[in-house]
Amino acid sequence: MPTCLITGASGGVATTLASRLRDAGWRLALVTRQPDKLSSDPADLVIEADVSTAAGADHALAAAEGAFGAPPNALAHCAGAVVLGSLPRTTEAMYRDCLAANLDSAFFIAQAYAPRVQKAGQGGSLLFFSSVAAGMGVANHAAIAAAKGGVEGLVRALAADYSAAGLRINAIAPGLLRTPATARLLSSEASTKAIRSQYPLGRHGEAEDAAALAAFVLSDEAGWITGQVIALDGGFQAVRPMVRAG
């Protein structure tokens, strides 16, 4: 039975991914800072930890390894936070919290996972989440673009370090997905229409879009993919929509 550790497990994408993997026969370790808000299965291992710290990330991996008898076959790092706003309105505290939630947590979870996989000699798959804002300029996204840009650099560096150990390291860079965290952005018909119009495929993303791609990248079916940042954005980064004159 394959095993997977999912961080940020109470989030919309993480919850959807957990359901998909569970249905496919995976055994799961779910990491969260708020276990009372987590929807889980009795068979899941629930770990309370803050993976934005080295100690918290190591605790999560040690608990999973102890329960599974080996490091998880896969790790989906879904923990993170979005900070939107202009540069003058982004306080130092907001900026540092954004980096801690997104970039620090990615670094520390990799630091806790990759050496364990290498020592066990089993191979594995580590998946991060980036953002379209790291690949192109999007207004009012400076803090999150900086954090996710760091995550994308980390993906390539770690893939170089651990490919020989059979550890694949990739990231998904989504556009806007409908999750509880983005509910306020899609709270009205007008705002939803405006957001959909930005995407060449004519809609925003859904948590299931990300979960489906994540499940594939984590699986052995993606066994020859590493060091990649995969866009999941309805063509946002690649296609310039036609603008008709009014």
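## Helix 6

The expected span of a helix is 1.5 Å times one less than its number of residues. Helix 6 of this predicted model covers residues 207-218, twelve residues in total. From first C-alpha to last, helix 6 reaches 16 Å, close to the 16 Å expected.

Which residues of helix 6 are buried? They are Ala207, Ala210, Ala211, Leu213, Ala214, Ala215, Val217 and Leu218. An α-helix has 3.6 residues a turn, so residues three or four places apart point the same way.

## Ser130

Where does Ser130 sit? Ser130 is in the loop between strand 5 (124-129) and helix 4 (142-162). Is Ser130 buried or exposed? Ser130 counts as buried because its relative accessibility is 5%, and buried means under 20%.

The side chain of Ser130 makes a polar contact with the side chain of Glu152, at 2.7 Å. Leaving out residues up to four places away in sequence, Ser130 touches Lys148, Glu152, Ile172, Ala173 and Pro174.

## Ala160

Ala160 belongs to helix 4. Its relative accessible area is 63%, so Ala160 is exposed; the cut-off for exposed is over 50%.

Ala160 and Thr226 lie 66 residues apart in sequence. In space, their C-alpha atoms are 9.1 Å apart.

Methods. Residues are numbered from 1 along each chain as its sequence is written. This is a predicted model: local features need pLDDT of at least 70, side-chain atom pairs count only at pLDDT 80 or more; totals for chains, interfaces and linings use all residues. Side-chain values use heavy atoms; hydrogens and water are left out. Helices (H or I, at least four residues) and strands (E, at least two) are DSSP runs, numbered from the N terminus. Buried means under 20% relative accessible area, exposed over 50%, partly exposed in between (1.4 Å probe, protein chains only). A polar contact is a pair of N or O atoms within 3.5 Å; within protein, one must be able to donate a hydrogen and the other to accept it, and residues adjacent in sequence count only if both atoms are side-chain atoms. Contact means heavy atoms within 4.5 Å.
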